[in-house]
Amino acid sequence: RVTDERSEGCNYLIRQNKAILLNDAPQLLELMNWSSAERKPVYQRTLFLHFSAEEQMIIDLLTQRAHAIDEIYYKTALSGSKTASALLMLEMNGVVSSLPGKIYQLNH
């Protein structure tokens, strides 16, 4: 309420653009760009990417389904550092993406 003195703190934050007035959850989804209607455009992966042997092993594994990092580590028999390094490079090149719970999936 604009005229209520108990709302002065909230009103101050809104005036300073440090807070926003939300009426419902869909407004939050819209502000965070989480709405399903507005998807990011899909970009074609760079053609002729050259993968290391470790990266190719991980790609082959992820073509079946998404895997947790521990599963990738065990199924590829790579060291922990090589697995993490390969996943980082693949993620930076837009080939894989990480999901909550340290799960990785191949981008389509």
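Colleague: Which residues have the most contacts inside the largest nonpolar core?

Modeller: In this predicted model, they are Ile-58, Leu-62, Ile-72 and Val-96, and the core has 13 residues. Helix α3 gives the most, with four residues. α3, α5 (80-92) and β3 (103-106) each supply at least two.

Colleague: What makes this set a nonpolar core?

Modeller: The name applies because its members are buried residues of nonpolar kinds, joined through side-chain atoms within 4.5 Å. In soluble globular proteins, nonpolar side chains tend to be buried together.

Colleague: And what does Ile-58 touch, not counting residues up to four places away in sequence?

Modeller: Its contacts include Ile-72, Thr-76, Leu-78, Ala-86 and Leu-90.

Colleague: Why is the pair of Tyr-73 and Tyr-74 called edge-to-face?

Modeller: Let's take it in steps. The ring centres are 5.1 Å apart, and rings pair if their centres lie within 6.5 Å. The planes stand at 70°, and over 60 counts as edge-to-face, so that is the name the pair gets. The structure holds one aromatic pair, by the way.

Colleague: Why does Trp-34 count as exposed?

Modeller: The same cut-off of over 50% applies: Trp-34 has 56% relative accessibility, so Trp-34 counts as exposed. Trp-34 sits in the loop between α2 (25-31) and α3 (53-62). On the surface, Trp-34 belongs to a nonpolar patch with Ile-20, Leu-22, Leu-28, Leu-29, Leu-31 and Met-32. Together they have about 670 Å² of accessible area.

Terms used: Residues numbered from 1 in each chain as written. Predicted model: local features only at pLDDT ≥ 70, side-chain atom pairs only at ≥ 80, totals over all residues. Heavy atoms only, no water. Patch = residues over 30% accessible without salt bridge, like charges linked within 9 Å, V, L, I, M, F, W, Y side chains within 5 Å. Areas by Shrake-Rupley, 256 points an atom, 1.4 Å probe, with all protein chains shown as cover. Salt bridge = Lys/Arg side-chain N within 4 Å of Asp/Glu carboxyl O. Buried < 20%, exposed > 50% of the residue type's maximum accessible area, 1.4 Å probe, protein only. Contact = heavy atoms within 4.5 Å. Phe/Tyr/Trp six-rings, centres within 6.5 Å; stacked < 30°, edge-to-face > 60°.
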